[in-house]
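Have the model open as you read.

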Amino acid sequence: MAVPKRNFKFLKHKLRRKNLNTYTRKDLSELFNIGKETLRYYESINLLPSPMRNESGYRVYSEEDLLRIKFIIQMKNYGFSLREIADLIKIVSDDKRADQDKLVNYIDNKIIGVENQIKELYHLIKLLNAVKENKHLGECDFFKSLINNS
């Protein structure tokens, strides 16, 4: 799911009018089309740092938090698990300098995993096309055909 840019422009304009450099959970949930509880969950598993609080005690998020949320959502869209995203953030966040060897190794492993997924998906396409050729399969025959051709 892509980040809706139209909402982002609207929200940025709305916030500029207020002269705010911070975002509320409501702002971010609307901006990224995610639940407010999702943001709290990301904080609880340390994907997001605990946000500052305003005078009223409400969470306020910085521009850096906004970028991190955008990164998390984009990585999820690419198929990364939250664990993988957390690992990647940890690698690049340590002392504000990424451990190049760790990062390269992580990326190499991810590439191998994605290449394997692509191979499996091509195999699935072949399998489904073979099953599709036999139009008179019942449920059991369908399952047997999938199992026998895999």
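Which residues are buried in α6? They are Leu-103, Tyr-106, Lys-110, Leu-127 and Val-131. Keep that list in mind, as some of those names come back below.

First, the setting. This is a predicted model. The protein has seven helices and two strands, and going from the N terminus the order is α-α-α-β-β-α-α-α-α. Of its 150 residues, 26% are buried. If you take the contacts with a separation of 6 or more, 41% of them join residues 24 or more positions apart.

**Helix α5 and what covers it**

Now to α5, which covers residues 82–93. With 12 residues at 1.5 Å each, α5 should span 16 Å, and its end C-alpha atoms do sit 16 Å apart, so the two agree. The same check works for α6: 34 residues should give 50 Å, and the ends are 50 Å apart.

On α5, the buried residues are Ile-85, Ala-86, Leu-88, Ile-89 and Ile-91. Their cover includes α4 (63–77) and α6 (100–133). Two packed helices are described by the angle between their axes and the distance between the axes, and here are those values:

| Helix pair | Angle between axes | Axis distance |
|---|---|---|
| α4 and α5 | about 135° | 10 Å |
| α5 and α6 | roughly 155° | within 10 Å |

**The α5 and α6 pair**

The axes of α5 and α6 cross at roughly 155°. With that angle over 145, α5 counts as roughly antiparallel to α6. The crossing of this pair is left-handed. From α5, the contact takes in Glu-84, Asp-87, Leu-88, Ile-91 and Val-92, while α6 brings Lys-102, Leu-103, Tyr-106 and Lys-110. Sorted by class, that contact of α5 with α6 has five nonpolar residues, four charged ones and no polar ones. Leu-103, Tyr-106 and Lys-110 of α6 are among the buried residues we started with.

**The α4 and α5 pair**

On the other pair, α4 and α5 pack at about 135°, and are therefore oblique to each other. α4 passes α5 in a right-handed crossing. Here α4 puts in Arg-68, Phe-71, Ile-72, Met-75 and Lys-76, and α5 answers with Leu-82, Ile-85, Leu-88, Ile-89 and Ser-93. By class, the contact of α4 with α5 comes to seven nonpolar, one polar and two charged residues.

How values were computed:
Residues are numbered from 1 along each chain as its sequence is written. This is a predicted model: local features need pLDDT of at least 70, side-chain atom pairs count only at pLDDT 80 or more; totals for chains, interfaces and linings use all residues. Side-chain values use heavy atoms; hydrogens and water are left out. Helices (H or I, at least four residues) and strands (E, at least two) are DSSP runs, numbered from the N terminus. The expected span of a helix is 1.5 Å times one less than its number of residues. Buried means under 20% relative accessible area, exposed over 50%, partly exposed in between (1.4 Å probe, protein chains only). Contact means heavy atoms within 4.5 Å. Axes are lines fitted to C-alpha atoms, for helices over the stretch in contact, and angles run from 0 to 180 degrees between N-to-C directions. Angles under 35 degrees count as roughly parallel, over 145 as roughly antiparallel, 65 to 115 as roughly perpendicular and the rest as oblique. A crossing is left-handed if the near helix is turned anticlockwise from the far one by less than a right angle, and right-handed if clockwise. Ala, Val, Leu, Ile, Met, Phe, Trp, Tyr, Cys and Pro count as nonpolar, Asp, Glu, Lys and Arg as charged, and the others, Gly among them, as polar.
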